[in-house]
Amino acid sequence: MSEELVFKFNVDGKDFTSAGQASVQIKKNLRQLGIPTEIIRRVSIAMYEGEINMVIHAGGGNAEVKVMEDYIEIVLKDSGPGIENIDKAMQEGYSTAPDPIRSLGFGAGMGLPNMKRYSDYMNVESTVGVGTTITMRVNIQG
């Protein structure tokens, strides 16, 4: 692949049932491009966790996926409340999700740790009251 491909998605923060649609679509797109299954799995998990976080905490946002020759880059951007303490938010089990979300089985404090676990690079930029931008890369092996 000599040129980058870019896929853009709007993550609807008002419809909890639609959370994950972008990661499902990107999974299909990557399959059609012949990306290895393990890479697709990692991208899908990282992206799904990000989508869920945008719905739970930020009222939605935008996702952009760039497929390059050597890696896949995922940029998730929202205009939510921001993350007060990124180091704390990166700890497994730490969550600020409200009880109604937790009662649905979400908000266990694994979103950011899983995003980091399934990506080869992750950067979180967040300003309280402005929003959060997360950039992840998954290297394409072989």
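Which residues in H1 meet residues in H2?

## Contact between the helices

In this predicted model, Gln21, Ala22, Ser23, Ile26, Lys27, Leu30 and Arg31 are the residues in H1 that meet H2. Their counterparts in H2 are Ile40, Val43, Ser44, Met47, Tyr48 and Glu51. By class, the residues of this contact comprise 7 nonpolar, 3 polar and 3 charged.

## Helix geometry

Two packed helices are described by the angle between their axes and the distance between the axes. For H1 and H2 the angle is about 160 degrees, and the axes are 8 Å apart. Angles over 145 degrees count as roughly antiparallel, and H1 and H2 are therefore roughly antiparallel to each other. Their crossing is right-handed.

## The sheet

An open sheet is formed by 5 strands in the order E1-E2-E3-E5-E4, with antiparallel pairing. Strand E1 (5-12) and strand E4 (121-127) are the edge strands, each pairing on one side only. On average, neighbouring strands of the sheet are turned by 10 degrees against each other, direction ignored.

E4 pairs with strand E5 (residues 131-139) in the antiparallel sense, over 7 bridges. Thr127 stands opposite Gly131 in E5.

## Helices on the sheet

Helix H1 (residues 21-32) packs on the sheet and touches E1, strand E2 (60-67) and strand E3 (71-78). The direction of H1 makes about 160 degrees with that of E1. Helix H2 (residues 37-58) lies across E1, E2, E3 and E5, and H2 runs at about 5 degrees to E3.

Definitions and conventions: Residues numbered from 1 in each chain as written. Predicted model: local features only at pLDDT ≥ 70, side-chain atom pairs only at ≥ 80, totals over all residues. Heavy atoms only, no water. Pairing = 2+ DSSP bridges. Helix = DSSP H or I, 4+ residues; strand = E, 2+ residues; numbered from the N terminus. Axes fitted to C-alpha atoms, helices over the stretch in contact; angles between N-to-C directions. Contact = heavy atoms within 4.5 Å. Parallel < 35°, antiparallel > 145°, perpendicular 65-115°, else oblique. Left-handed = near helix turned anticlockwise from the far one by under 90°. Nonpolar A, V, L, I, M, F, W, Y, C, P; charged D, E, K, R; others polar.
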